[in-house]
Amino acid sequence: MLTSVDADLLRVLADPLRLRIVTLLARETLCTTHLVEETGARQTNLSNHLKVLREAGVVETEPCGRFTYYRLRPDVLEALSGGLAGLAAAARTHADSKRACP
């Protein structure tokens, strides 16, 4: 089932720009400059969102000269996916369960 860590991760991914960043990083490792070009977001705004994703463990960084590349950590998303799949399975199993009102 979902944990409080999973709930925090869902809140992190609920932001449209952060979800866009994650979607882009699922296809390739990108630097901040690439992400600014792809999203149209301002660099400072993008950096703030990347910090949130980094602190949540969703992305990792790789310094390369004066640039920083960002890479998605699929294991974190797979763990969240497993928790959501567990909820879906429980809902299917207990679809006919109904607690009587007092």
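Residues are classed as buried under 20% relative accessible area, exposed over 50% and partly exposed in between (1.4 Å probe, protein chains only). The structure is a predicted model, in which local features need pLDDT of at least 70 and side-chain atom pairs count only at pLDDT 80 or more, while totals for chains, interfaces and linings use all residues. Residues are numbered from 1 along each chain as its sequence is written, and side-chain values use heavy atoms, with hydrogens and water left out.

Helices (H or I, at least four residues) and strands (E, at least two) are DSSP runs, numbered from the N terminus. Helix H4 spans residues 43–55. Its 13 residues reach 18 Å from the first C-alpha to the last, close to the 18 Å expected at 1.5 Å a residue (the expected span being 1.5 Å times one less than the number of residues). Leu46, His49, Leu50 and Leu53 are the buried residues of H4. Seen down the helix axis, these residues fall within an arc of 105°, so they line one face of H4; the arc is that of the directions from the axis to the C-beta atoms. An α-helix has 3.6 residues a turn, so residues three or four places apart point the same way. The face of H4 turned away from the buried side carries the exposed residues Thr44, Asn48 and Glu55. Just after H4, Gly57 takes a positive phi of about 85°.

A salt bridge is defined as a side-chain nitrogen of Lys or Arg within 4 Å of a carboxyl oxygen of Asp or Glu; the count by this rule is five. Within H4, Lys51 and Glu55 lie four residues apart, about one turn of the helix, and form a salt bridge with closest N and O atoms 3.9 Å apart. Lys51 is partly exposed at 41% relative accessible area, whereas Glu55 is exposed at 60%. Arg71 forms a salt bridge with Glu60, with closest N and O atoms 3.3 Å apart. Arg71 lies in strand E3 and Glu60 in strand E2, so this pair ties together parts that are eleven residues apart in sequence. Both are partly exposed, Arg71 at 30% and Glu60 at 33%. In the pair formed by Arg73 and Asp75, the closest N and O atoms are 3.1 Å apart. Arg73 is partly exposed at 26%, as is Asp75 at 41%. Salt bridges that share partners join Glu60, Glu62 and Arg71 into one network.
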